[in-house]
Amino acid sequence: FLLQAGAYRDVREADAVKARIALAGLKARVETGEANGAAIYRVRLGPYSSAGELETAKRQLAENGVPETLAIREKRD
């Protein structure tokens with residue numbers, strides 16, 4: 001599982017959320033993608049090997065001001 005902590009049109013906003021997550025003791029990354037022909041910057045954490053690990057990370061984020069997250073099942077080839 002992956003955890004997405006937001007998607008932003010401005011890379012500076014994504015970097016600010018990534019920094020807030022680092023202060024919470026978690027490691028995030030900014031992934032660049034495209035939506036409707038425009039660049040989008042997704043802040044993601046993980047992968048997590050279990051639902052329990054995912055829930056622990058979600059709780060830690062919420063306690064540190066990042067309440068809205070999205071769980072994503074990682075695609076396997």
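Strand 1 (residues 2–8) and strand 4 run antiparallel and are joined by 3 bridges. Within this pairing, L3 has A71 of strand 4 as its bridge partner. Strands here are DSSP runs of E with at least two residues, and helices are DSSP runs of H or I with at least four residues; both are numbered from the N terminus. Two strands count as paired if DSSP finds at least two bridges between them.

The model is predicted, so local features need pLDDT of at least 70 and side-chain atom pairs count only at pLDDT 80 or more, while totals for chains, interfaces and linings use all residues. Residues are numbered from 1 along each chain as its sequence is written, and side-chain values use heavy atoms, with hydrogens and water left out.

Strands of a sheet pair through backbone hydrogen bonds, either parallel or antiparallel.

Strand 1 is joined to strand 3 by 5 bridges, and the two run antiparallel. Strand 2 is joined to strand 3 by 8 bridges, again antiparallel. V43 in strand 3 is the bridge partner of G6. V43 is also the bridge partner of V30.

Strands 2 and 3 form a hairpin with 2 residues between them. A35 stands opposite A38 of strand 3. N36 sits in the turn and has a positive phi of about 55°.

Next, the charged side chains. Side chains of opposite charge can pair when their charged atoms come close. A salt bridge is a side-chain nitrogen of Lys or Arg within 4 Å of a carboxyl oxygen of Asp or Glu. The count by this rule is 3 salt bridges.

One of them joins R12 and D10, with the closest N and O atoms 2.9 Å apart. R12 is exposed, at 64% relative accessibility. D10 is partly exposed, with a relative accessible area of 23%. Buried means under 20% relative accessible area, exposed over 50%, and partly exposed in between (1.4 Å probe, protein chains only).

E31 takes part in the other pairings described here. R29 and E31 meet in a salt bridge at 2.9 Å, N to O. R29 is partly exposed at 29%, and E31 is partly exposed at 24%. R44 and E31 also meet in a salt bridge, at 3.2 Å, N to O. R44 lies in strand 3 and E31 in strand 2, so this pair ties together parts that are 13 residues apart in sequence. R44 is buried, with a relative accessible area of 15%. Through shared partners, salt bridges join R29, E31 and R44 into one network.
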